[in-house]
Amino acid sequence: MPEETAKRLAIIALHGSMDMAYPPFILATAAAAMDMEVAIFFTFYGLELLKKGKIDKLKVAPIANPAMPVPMPNIIGMLPGMTAMATKMMNKWMKKANVSKLSELLSLSKELGVKLIACQMTMDVMGIKKEDLIDGLEIGGAATFLEFASHNAITLTF
Amino acid sequence: MTEITPHQTVDFSGLSCPMPIIKTKKAIDGMAVGEILKMISTDPGSVSDMQAWAQKTGQTLLSHEENGGKYIFFIKKTK
């Protein structure tokens, strides 16, 4: 009897910072390249990734982030300009390591057929309208995501 | 050095995960069943990734080797 392996990848993207935006898109595009069906459900701060023009403008804060490659005491991290500096540094490292830009990963995801689902509830809570978001999205709720994830899917949350 | 004659050669040097496997898939999609693709990568992770990709997609990884910092893969399109 052939082994039953997962055919789908279901990802929940909850965070809106730059460092948390990479894992969903990298895994989604890799899974799509491996002929898996993929859906990413963007909820809460994850909706930031779907706002028009925002994907390449995400930030990462050094405060309360002891795993930052360049460690910074919190008392320094909270000073004005430190988030911008940490963001700039991380962007530089990504570019140096030849990691694709988030906007490229987003286009690639769409091209490879990754379903991008925006959480209706979060839109209501945060006052985000459909026009504020990029094209090519499905708008749905928990049931939409769960239905997709219920068919032999790997489910990951970021 | 493996002596297999590829139908197509692609050079993904300089690209990082997940680009090598994504671009390999695109290249294979554009080829006919039975044809052989030669893929060159500089990403050390691609050695493991390409094996996993071939296993998942059902394509055949004929061989893989390292040559002066470059990883060379020969893939046969089997489906």
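Reader: How many residues does helix α3 of chain A have, and how far does α3(A) reach from its first C-alpha to its last?

Author: This is a predicted model, and what follows should be read with that in mind. Helix α3 of chain A runs over residues 82-96 and has 15 residues; from its first C-alpha to its last α3(A) reaches 21 Å, which is close to the 21 Å expected at 1.5 Å a residue. After α3(A) comes A:N98, a residue whose phi is positive, near 65°.

Another helix of chain A, α4 (residues 102-111), packs with α1(A) at an angle of about 35°, the two axes being 9 Å apart, and the crossing in which α1(A) passes α4(A) is left-handed. On the side of α1(A), the residues that meet α4(A) are A:A21, A:F25, A:I26, A:A28 and A:T29, while α4(A) brings A:L102, A:L105, A:L106, A:L108 and A:S109 to the contact. Sorted by class, the contact of these two helices has eight nonpolar and two polar residues, with no charged residues.

Chain A also meets chain B, in a contact that takes 11 residues from chain A and 12 residues from chain B. Helix α1 of chain A (residues 18-33) supplies four residues, the largest share of the side of chain A that touches chain B. That side of chain A is made up of seven nonpolar residues, three polar and one charged.

Turning to chain B, one finds an open sheet of four strands in the order β1-β2-β4-β3, with mixed pairing. Because β1 (8-12) and β3 (60-67) of chain B stand at the edges with a single partner strand each, one side of each is left without a neighbour in the sheet. Neighbouring strands of this sheet are turned against each other by 15° on average, direction ignored. Within the sheet, strand β2 (residues 36-41) of chain B pairs with strand β4 (residues 70-76) of chain B in the antiparallel sense, over six bridges, and B:S41 has B:Y71 in β4(B) as its bridge partner.

Two helices of chain B accompany these strands. Helix α1 of chain B (residues 19-29) lies across β1, β2 and β4 of chain B and runs at about 160° to β1(B), whereas helix α2 of chain B (residues 46-57) packs on the sheet by touching β2, β3 and β4 of chain B, its direction making about 175° with that of β3(B).

Methods:
Residues numbered from 1 in each chain as written. Chains lettered and ligands numbered in written order. Predicted model: local features only at pLDDT ≥ 70, side-chain atom pairs only at ≥ 80, totals over all residues. Contact = placed C-beta atoms within 7 Å. Nonpolar A, V, L, I, M, F, W, Y, C, P; charged D, E, K, R; others polar. Pairing = 2+ DSSP bridges. Axes fitted to C-alpha atoms, helices over the stretch in contact; angles between N-to-C directions. Left-handed = near helix turned anticlockwise from the far one by under 90°. Expected span 1.5 Å × (residues − 1).
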